[in-house]
Amino acid sequence: MALLRVSPHRIVPIVSGGQLVGLLTERCLTSALLSAQDAPGREALRTSPVSSLMVPPGPTLLYTETPEAFLEACEQYGLDTLPLVEASGRFVGLMGRGDLI
């Protein structure tokens, strides 16, 4: 959870070889914590690989797109934050609606 405290997006991108392979979200972690109700379950969670907790990356946006295209994509997908990628698919960063202010 400490990683989420330093991210204004409440999402941690999981990247391998420059490619976005998943997202670790506050919702993922909360769900996992709630399902690990006893001490052995919590210990198993502490040693679980991130890949078992993350969700697929979902929609992305080319980092060269306009702010208007970003907002349209957010509306289309019902999201507040989108991963930005190069045309090759290489992960560049995250952008949230609040970044436009």
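This is a predicted model: local features need pLDDT of at least 70, side-chain atom pairs count only at pLDDT 80 or more; totals for chains, interfaces and linings use all residues.
Taken along the principal axes, the C-alpha atoms fill a box of roughly 50 × 30 × 25 Å. Of the 101 residues in the chain, 32% are buried, and the accessible surface comes to about 6,600 Å², with 56% of that area belonging to carbon and sulfur atoms. Among the contacts with a separation of 6 or more, 44% are made by residues 24 or more positions apart.

One of the bridge pairs is formed by S16 and its partner Q19 in β2. There are 2 residues between the strands of this hairpin, in which G17 takes a positive phi near 60°.

A separate description applies to β3, β4 and β5, which form an open sheet of 3 strands in the order β3-β4-β5, with mixed pairing. Because β3 (61–62) and β5 (91–96) each have a single partner strand, they stand at the edges, and one side of each is left without a neighbour in the sheet. The pairing of β4 (residues 81–85) with β5 is antiparallel and extends over 5 bridges; the bridge partners in β5 include L94 for P83 and G93 for L84. The hairpin of β4 and β5 has 5 residues between the strands, and G89 adopts a positive phi near 95° there. Although β5 is an edge strand of the sheet, 5 of its 6 residues are buried, so this strand is largely enclosed by the rest of the structure.

Helix α2 (residues 26–35) has C28, L29 and A32 as its buried residues. Seen down the helix axis, these buried residues fall within an arc of 90°, so they line one face of α2. R27 and L34, on the other side of the helix, are exposed. E26, which also has its place in α2, is partly exposed, with a relative accessible area of 28%. The C-alpha atoms of E26 and F91 are 20 Å apart in space, the two residues being 65 residues apart in sequence.

In soluble globular proteins, nonpolar side chains tend to be buried together. The largest nonpolar core of the model has 9 residues in all, namely V12, I14, L24, C28, L29, A32, A36, L45 and L53. Both β1 and α2 supply at least two residues of this core, and the contribution of α2, with 3 residues, is the most that any element gives. Apart from this core lies another, of 7 residues, including A73, L82, L84 and M95. As for A36, a member of the largest core, its contacts, leaving aside neighbours within four places in sequence, are with G41, R42 and L45.

The count of salt bridges comes to 4. Within helix α3 (residues 39–46), E43 and R46 lie 3 residues apart, about one turn of the helix, and their side chains meet in a salt bridge with an N to O distance of 3.1 Å. In this pair E43 is partly exposed, with a relative accessible area of 39%, whereas R46 counts as exposed at 68% relative accessibility. A salt bridge is also formed by the side chains of E75 and R97, again at 3.1 Å, N to O. Since E75 lies in helix α4 (residues 67–77) and R97 in the segment after β5, the pair ties together parts that are 22 residues apart in sequence. E75 counts as exposed at 58% relative accessibility, while R97 is partly exposed, with a relative accessible area of 29%. These two residues, together with D80, are linked in a network of salt bridges. The side chains of R90 and E86 likewise meet in a salt bridge, at 3.0 Å, N to O. R90 counts as partly exposed at 40% relative accessibility, and E86 is partly exposed, with a relative accessible area of 26%.

Terms used:
Residues are numbered from 1 along each chain as its sequence is written. Side-chain values use heavy atoms; hydrogens and water are left out. Two strands pair if DSSP finds at least two bridges between them. Helices (H or I, at least four residues) and strands (E, at least two) are DSSP runs, numbered from the N terminus. Buried means under 20% relative accessible area, exposed over 50%, partly exposed in between (1.4 Å probe, protein chains only). The arc is that of the directions from the helix axis to the C-beta atoms. A nonpolar core is a set of buried Ala, Val, Leu, Ile, Met, Phe, Trp, Tyr and Cys residues joined through side-chain atoms within 4.5 Å. Contact means heavy atoms within 4.5 Å. Accessible areas come from the Shrake-Rupley method with a 1.4 Å probe; for residues, only the protein chains shown count as cover.
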